[in-house]
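Open the structure in your viewer and keep the selection tool ready. The stops below go from the sheet to the helices.

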Amino acid sequence: PKEFEGVRKTLQEMLKEVLEELKDLGAIETADFKKHKRQLLEARKNAMEKVGLRDFAGYKILSLQAKAMNVSHAIDLLESEGLHALHEFIKEMKQRKQTSKAVKQLNEDFRLKLVQAKCEELLKAGMEHPKYRRLKTIVSDAARDAKSVIVFAHYRNTVEKIVEELNGFAGITARQFVGKSKEGMSQKKQRQLLQEFREKKINVINSTAHGEEGLDIQTVDLVVFFEA
């Protein structure tokens, strides 16, 4: 949506600055957005080798690389998952008890604060990624036909958001299914939820990729992947 463009532009400006620094240090060949992810991975590998040789330039490159990866991830979240996912990521960065130099610099950057404020403004106005609206249509149609549905999303925050959004519609009873790590679901709770799904007491499961490892369902009518 056009309302997202200003947010993305600010994040892209931040990323461009870091890429230019890495280029000036000779860590990457170009600051081109289309090639930055592969180059950043290679830069980290090369920087680790420098650190192993006690070349202190490696530490600076590692810090800049981490900074660039965080901003790149923020852009990915905005584009593929929406404002809620981006806002939660920024909030989580600010709440980290132990922060690296890269994260500390990002948290102190006034532009990230502007991005966070814009996310809050748009969310308050009811704006979100159009995929949520499309997902509601797909799942509502399936529920009306008495079909069972599993929706996969990469991050737990997005799974929670999807459950919240879907449960606002008649005929949909959605529950989240996540792995055991980081205060997730115990095996007992997982088994109980799956039994309710088999018995048609609930018709939608929203799961993370980690949750998928524990899924034992023989039949399901529809599977939706919220993002790649």
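Which residue of E3 is the bridge partner of Val151? Select Val151 and then Asn206: Asn206 is the bridge partner in E3.

This is a predicted model, in which local features need pLDDT of at least 70 and side-chain atom pairs count only at pLDDT 80 or more, while totals for chains, interfaces and linings use all residues. Residues are numbered from 1 along each chain as its sequence is written, and side-chain values use heavy atoms, with hydrogens and water left out.

**The sheet**

Select residues 149–152, strand E1, together with residues 204–207, strand E3; the two run parallel and are joined by four bridges. Strands here are DSSP runs of E with at least two residues, and helices are runs of H or I with at least four, numbered from the N terminus. Two strands pair if DSSP finds at least two bridges between them.

Now show the whole open sheet: its four strands come in the order E2-E3-E1-E4, with parallel pairing. At the edges are E2 (174–177) and E4 (222–225), each of which pairs on one side only. On average, neighbouring strands of this sheet are turned by 20° against each other, direction ignored.

Next, select residues 187–198. This is helix H9, which lies across E1, E2 and E3 and runs at about 145° to E2. Axes are lines fitted to C-alpha atoms, for helices over the stretch in contact (heavy atoms within 4.5 Å). Angles run from 0 to 180 degrees between N-to-C directions.

**H1 against H6**

Select H1 (residues 2–24) and H6 (residues 110–124): their axes come within 10 Å and cross at roughly 165°. That makes H1 roughly antiparallel to H6, a term for angles over 145 degrees. To see the contact, show side chains including Val7, Leu11 and Met14 of H1 and Leu112, Val115 and Leu122 of H6. The residues of this contact divide into six nonpolar, one polar and five charged. Ala, Val, Leu, Ile, Met, Phe, Trp, Tyr, Cys and Pro count as nonpolar, Asp, Glu, Lys and Arg as charged, and the others, Gly among them, as polar.

**H4**

Last, select Lys91 and Glu88, whose side chains meet in a salt bridge (3.3 Å, N to O). A salt bridge is a side-chain nitrogen of Lys or Arg within 4 Å of a carboxyl oxygen of Asp or Glu. Lys91 and Glu88 are separated by about one helical turn because they are three residues apart in helix H4 (residues 83–95). The count of salt bridges comes to 15.

Conventions
Parallel < 35°, antiparallel > 145°, perpendicular 65-115°, else oblique.
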